[in-house]
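Please read it beside the model.

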Amino acid sequence: MRTLRFLLQKEFRQVFRDKNLLRQILMVPIIQLLIFPWAANYEVKNISLAIVDHDHSSYSEKFISKIFSSGYFIHSDYTSSFKDAYQLIERDKADIAIEIPQGFEKNLVRENQQKIFLAVNAINGVKAIVGTGYLASIITDYNSQIRAEWVQADRFNAAPAIEITSSNWFNPLLNYKMFMVPGILAFLVTLIGGIMCSLNIVREKEIGTIEQINVTPIRKQYFILGKLLPFWIMATFVFTLGLLISRFAYGIIPQGSIVLLYAFLSVYLFAVLGMGLLISTYSDTQQQAMSISFFFIMVFNLLSGLYTPIESMPAWAKVITDFNPLRYFIEVMRMVVLKGSSFHDVSHHFLVIFLMAVVLNTWAILNYRKTT
Amino acid sequence: MNSTVIKAEKLTKRYGDFVAANELTFDVRAGEIFGFLGANGAGKTTAMRMLCGLSVPSSGTASVAGYDVYKQTENIKRNIGYMSQKFSLYEDLTVMENIGFYAGIYGLTDKEIKEKSVQLVDQLGLHDSAKKLVRSLPLGWKQKLSFLVAIIHQPKIVFLDEPTSGVDPVARRQFWDLIYQAADTGITAFVTTHYMDESEYCHRVSIMVDGNIRALDSPANLKKHFSASSMDEVFQGLAREAKRKED
């Protein structure tokens with residue numbers, strides 16, 4: 001235990017002397033948490049629309065103004081032919097082209113029916129689907145408005161209608177930041193904990209000081225614990241900073257227990273730092289450690305459910321997410337922060353992360369060799 | 001005084017087909033300053049790393065301070081000091097912090113650490129720089145400091161891997177004074193070097209060429225045997241046969 005005291009003292013002295021490291025630990029979470037959530041937003045707005053109106057009637061005018069008043073669309077241009085509108089799509093000036101045929105008003109009034117043509121640029125699939133969805137509901141709405149005006153309501157033959165209304169739980173205003181901020185924070189803590197820890201050890205390898213350590217009777221468990229604890233403390237600090245930013249910049253107050261969050265974080269950090277240690281035992285240079293970490297961080301990030309729901313991933317990808325520690329932390333963050341879940345709800349997550357921590361650290365200690 | 005502290009029998013290290021150290025057989029007596037000579041790439045560092053318990057031998061046997069290099073490496077580590085070729089103190093810690101750290105790791109008590117620190121700084125005359133980062137010291141001072149840190153726990157043997165490379169003759173002379181002082185307190189010194197003038201300071205020297213020990217005796221006897229006027233001539237005569245280039 002006395003050895004550990006000297007190791008910790010040394011690490012902390014070095015950390016507090018390294019101004020670059022301190023700057024990173026402070027500035028990275030602040031900047032990322034303040035910028036990222038605004039950009040990571042799935043709400044589709046500003047869909048630009050090219051309009052080909054062959055009718056120029058008061059009905060078509062009403063129809064067009066109804067579309068723009070929804071607020072989701074911006075106006076690209078009026079063109080006289082579909083060919084021109086199509087060119088706008090080709091030049092990325094428009095996402096959707098609408099063609100209103102000649103006789104739009106006349107056919108609606110006389111024939112009671114009319115078709116309109118939509119052409120959608122589907123390169124951005126989400127925008128295409130959501131955009132046509134909006135348009136479809138606007139058209140349906142417009143349609144029923146017309147019917148109400150023109151078709152005499154038959155008192156005995158009222159069109160039976162089931163109206164669906166929904167209310168959103170846990171995030172009533174469907175605010176994407178509520179959803180993203182806890183996830184991004186989980187990702188940041190993983191980044192800082194995992195990468196910095198492995199880089200620190202490999203740096204000692206590069207400088208050669210680790211050889212001096214290896215020739216002392218120090219036990220490797222102590223050496224590793226001496227590396228782990230300082231980063232454990234720093235990552236916890238970053239997490240706290242992140243919670244404060246979520247509170248004051250986004251008004252996110254955890255619904256569940258803060259103690260539960262920190263308890264999970266403690267176990268989680270041992271898993272992530274264990275991974276950093278493991279990477280460092282397989283790397284001889286900081287570059288190697290960085291590229292290995294980068295690979296895992298990318299996979300963890302994209303397969304964590306941070307951006308896309310795990311439920312809609314193919315089966316083989318779901319299997320990978322089962323081994324992704326970040327996925328569990330993001331789930332726990334969202335559950336506890338947004339839903340107020342209790343220990344009982346996240347006990348499975350605790351168990352999995354605990355096992356990962358044990359496996360990764362044991363592996364790292366076994367693979368760390370004082371003798372080659 | 002004549003007990004053996006290092007005993008190697010056919011100690012060999014292979015990396016694939018490459019034999020870095022080939023059947024080294026020698027012994028080092030307590031209190032001796034033993035010079036381990038050889039050109040770059042001759043296998044000096046490999047041999048030393050095996051004796052320090054940093055590298056597992058491929059075959060042969062060896063004991064250091066009475067402990068086996070295969071099974072008792074942790075016991076060996078408690079009884080040796082080691083100064084590697086690369087400077088290995090923490091540059092971002094001060095002189096005092098480095099001393100305190102290594103003393104603590106070797107299990108010295110707080111009182112001993114305090115005494116040792118004062119004694120070390122006195123010995124080096126580093127009073128003005130004691131609270132400065134090691135980074136800011138000149139190379140000669142750094143090497144003297146790392147030597148004294150390597151023997152802070154009063155080990156039985158200290159291994160020095162080219163401790164004086166890159167410093168001027170005056171600083172080298174001062175460094176050897178420190179080695180003599182340590183030897184006077186009973187520490188055996190095992191020194192690799194490629195400065196032939198330094199080999200004259202050793203009680204006995206061995207000369208390695210291409211992984212093999214080609215000569216082992218006192219400098220005086222070696223000169224007589226090879227009818228050379230200096231150790232440099234002895235070495236040049238042997239090193240000419242070398243086929244290996246730098247590693």
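Rings of Phe, Tyr and Trp (its six-membered ring) pair if their centres lie within 6.5 Å; planes under 30 degrees apart are stacked, over 60 edge-to-face, the rest tilted. Over all chains the count is 31 aromatic pairs. Two of them are tabulated here.

| Pair | Centre distance | Plane angle | Class |
|---|---|---|---|
| A:Phe73 and A:Tyr134 | 6.4 Å | 85° | edge-to-face |
| A:Phe82 and A:Phe117 | 5.2 Å | 70° | edge-to-face |

A:Phe73 is buried at 5% relative accessibility. A:Phe82 is partly exposed at 23%, and A:Phe117 is partly exposed at 39%. Buried means under 20% relative accessible area, exposed over 50%, partly exposed in between (1.4 Å probe, protein chains only).

Now the interface. 35 residues of chain B contact 26 residues of chain A (heavy atoms within 4.5 Å). The two chains bury about 2,600 Å², 54% of it on carbon and sulfur atoms. Buried area is the accessible area (1.4 Å probe) lost on being put together, summed over both parts. B:Leu54, B:Tyr90 and B:Ile105 supply 21% of the area that chain B buries against chain A, more than any other three residues.

Chains B and A share 6 salt bridges (side-chain nitrogen of Lys or Arg within 4 Å of a carboxyl oxygen of Asp or Glu). One joins A:Arg2 and B:Asp110 at 3.3 Å, N to O.

Residues are numbered from 1 along each chain as its sequence is written, and chains are lettered from A and ligands numbered from 1 in the order written. In this predicted model local features need pLDDT of at least 70, side-chain atom pairs count only at pLDDT 80 or more, and totals for chains, interfaces and linings use all residues; side-chain values use heavy atoms, without hydrogens and water.
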